[in-house]
Amino acid sequence: MKSRASWRALEAHHAKVRDVHLRDLFASDPRRGERLTAEGAGLYLDYSKNRVGDETLGLLFALARECGLRERIDAMFAGDKINVTEHRAVLHVALRAPRDAVIRVEGENVVPQVHAVLDKMAELARRVRDGAWKGHGGKRIRAVVNIGIGGSDLGPVMAYEALRHYSRRDLVFRFVSNVDGTDFAEAVRDLDPGETLFIVSSKTFTTLETMTNAQSARAWCLAGLGGDPAAVAKHFVAVSTNAAEVAKFGIDTANMYGFWDWVGGRYSMDSAIGLSTMLAIGPEAFRAMLGGFHAMDEHFRSAPFERNLPVLMALLSLWYNDFFGAQTVAVLPYEQYLKRFPAYLQQLTMESNGKSVQLDGTPVETDTGPIYFGEPGTNGQHSFYQLIHQGTRLIPCDFIAFDESLNPLGRHHDLLIANVIAQAEALAFGKTSNEPHRNFAGNRPSNVIFARRLTPETLGALVALYEHSVFTQGVVWNIDSFDQWGVELGKALAQRIVPELESANEPALAHDGSTNALIRRYRGARKPG
């Protein structure tokens with residue numbers, strides 16, 4: 001990586017410009033705030049408050065080209081197996097392709113399969129929303145509980161909260177992911193089993209956390225419905241590919257919704273994993289969300305790098321991560337409905353690019369995968385913004401805002417947007433004071449993303465924006481953004497430790513001294529008396 005001519009040029013350039021202040025960049029270019037903007041898929045990006053000039057941008061685009069970004073984009077959309085460690089295609093873009101599109105995996109057009117699943121999901125959504133789906137006792141469904149973890153939870157939770165304005169208010173939606181029993185207990189505490197539908201999302205139907213919660217849900221449901229195993233089929237559906245395990249659980253495989261190994265969990269919220277989303281907002285709004293995804297896909301595939309929103313955001317983030325040593329990115333949505341968006345992005349970004357080896361297995365030569373965090377504005381302003389403004393760390397920020405509120409109420413929205421604009425201004429230009437503790441150095445970079453209003457289409461475009469930004473960074477770092485081997489080791493060790501905790505007899509332990517001591521302590525604490 002560092003041997004590339006474009007990388008060396010960026011290092012030399014950084015040495016010259018690292019201390020240039022945004023005040024000076026704006027003073028020397030009065031049109032900078034209008035010039036350094038881009039639009040696509042209904043989103044407006046102002047990236048003028050970044051510590052870059054035209055030469056910086058030119059060098060970053062040169063780096064992207066030298067790394068073969070255009071070719072890698074084409075390879076992804078063509079269905080090539082760019083997930084090299086798992087030998088899989090990476091085709092979340094197929095999940096939102098229109099019916100007449102052709103996207104092939106090993107010679108087969110997968111788009112008809114995608115729409116067959118979407119149509120099947122839509123039929124279930126209509127039956128539940130219209131009251132035609134009846135529970136075991138003849139009651140209509142009034143509560144939907146999604147059971148999953150990771151990508152099978154974070155996407156559905158985020159989408160439900162983001163699109164709550166469009167959801168059916170006579171349906172209750174809950175989400176269970178943590179294997180901590182409290183998560184399940186609180187989710188169902190006030191629900192009626194006869195009116196509750198569970199969605200169990202696990203590709204293999206063997207995921208430890210998901211299936212532990214699913215078995216508890218099954219027991220809870222049967223306990224409330226007279227113990228008849230036939231009730232399971234009326235109160236459970238599955239998002240899975242393991243028909244045998246689904247049937248063994250008691251779910252009618254006619255109510256099993258599949259997906260494909262070319263879709264990673266953190267890229268799956270627009271697949272059958274989004275079934276709870278479709279139940280909440282309806283099939284038409286769900287397809288509108290897919291339209292927003294697709295619009296950003298097409299923008300990413302076709303727009304020149306100089307006007308390409310995901311490419312711009314990726315390269316700017318990489319500029320700070322690898323040349324300024326910035327280790328984090330703050331995502332700050334000034335929209336309460338997007339309160340779970342930063343948490344969703346944490347998996348998307350850090351599971352994708354938290355890698356330390358390149359595609360060929362050799363160590364990376366630079367930092368990858370910045371840490372993402374955030375909270376909705378204006379709450380965050382009274383929390384961690386102090387560190388961003390006056391702390392010792394450089395923390396680039398993405399502000400997300402909307403021209404129109406979905407809940408207009410007096411002056412609220414004007415005050416909200418005033419804070420977005422003011423925060424970006426304060427970070428960039430700071431304030432000079434004779435009192436050191438009142439001095440704001442400024443020169444802290446940010447992007448400002450605006451859209452007209454938060455709609456299903458807008459949400460799809462926003463998610464796809466970050467998906468493709470993550471991919472772009474991965475290409476430059478020459479890493480596999482689509483595997484997640486890092487989550488495996490701890491899970492495997494837990495499977496070994498579970499029987500050691502539950503054994504009636506004292507187990508023979510062969511871990512390290514600390515692990516052995518913790519197991520013995522826990523076993524001792526569980527003993528009666």
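Biologist: Which conventions apply to the values here, and what pLDDT do side-chain atom pairs need?
Modeller: Residues are numbered from 1 along each chain as its sequence is written, and side-chain values use heavy atoms, with hydrogens and water left out. The model is predicted, totals for chains, interfaces and linings use all residues, local features need pLDDT of at least 70, and side-chain atom pairs count only at pLDDT 80 or more.

Biologist: How many salt bridges does the count give?
Modeller: Side chains of opposite charge can pair when their charged atoms come close. The rule applied here asks for a side-chain nitrogen of Lys or Arg within 4 Å of a carboxyl oxygen of Asp or Glu. By this rule, the count comes to 27 salt bridges.

Biologist: Which residue pairs with Arg174 in a salt bridge, and where does that partner lie?
Modeller: Arg174 is in strand 6 (residues 172–176), and the pair links distant parts of the chain, 16 residues apart; helices (H or I, at least four residues) and strands (E, at least two) are DSSP runs, numbered from the N terminus. The N to O distance in this salt bridge is 2.9 Å. The partner, in the loop between helix 8 (181–188) and strand 7 (196–201), is Asp190.

Biologist: How many residues apart in sequence are the parts tied together by Arg453 and Glu404?
Modeller: The side chains of Arg453 and Glu404 meet in a salt bridge of 2.5 Å, N to O. Arg453 lies in the loop between strand 13 (446–451) and helix 18 (456–477), and Glu404 in the loop between strand 12 (397–402) and helix 17 (412–429), so the parts that this pair ties together are apart in sequence by 49 residues.

Biologist: Which residues does His299 contact, leaving aside its neighbours within four places in sequence?
Modeller: His299 is found in helix 13 (residues 283–302), and at 10% relative accessibility His299 counts as buried. Contact means heavy atoms within 4.5 Å. With those sequence neighbours left aside, His299 is in contact with Glu39, Gly40, Arg307, Asn308, Leu309 and Pro310.

Biologist: Which residues does a cis peptide bond join?
Modeller: Most residues other than glycine have a negative phi, and most peptide bonds are trans. The cis bond has an omega of about 10 degrees, and one of its residues, Thr378, is placed in the loop between strand 11 (371–373) and helix 16 (385–390). The residues joined are Gly377 and Thr378.

Biologist: What is the phi of Asn443?
Modeller: Asn443 has its place in the loop between helix 17 and strand 13, and at 7% relative accessibility Asn443 counts as buried. Although Asn443 is not a glycine, its phi is positive, at about 60 degrees.

Biologist: What is the volume of the largest cavity?
Modeller: On a 1 Å grid over the protein atoms alone, a cavity is a set of points where a 1.4 Å probe fits but cannot get out, and lining residues have an atom within 4 Å of a point. Grid points are joined across faces, edges and corners, and a volume is the space filled by probe spheres set on the points. A search of the whole structure finds 3 cavities of 30 Å³ or more. For the largest cavity, the volume is about 110 Å³.

Biologist: Which element gives the most to the lining of the largest cavity?
Modeller: The largest cavity is lined by 14 residues, of which Met313, Ser317, Val329, Asp398 and Asn447 lie nearest its centre. Helix 14 (309–323), strand 12, strand 13 and helix 18 each supply at least two residues of this lining. The element that gives the most, with 4 residues, is helix 14.

Conventions:
Buried means under 20% relative accessible area, exposed over 50%, partly exposed in between (1.4 Å probe, protein chains only). On a 1 Å grid over the protein atoms alone, a cavity is a set of points where a 1.4 Å probe fits but cannot get out, and a pocket is an open set with protein on both sides within 12 Å along at least five of seven lines; lining residues have an atom within 4 Å of a point.
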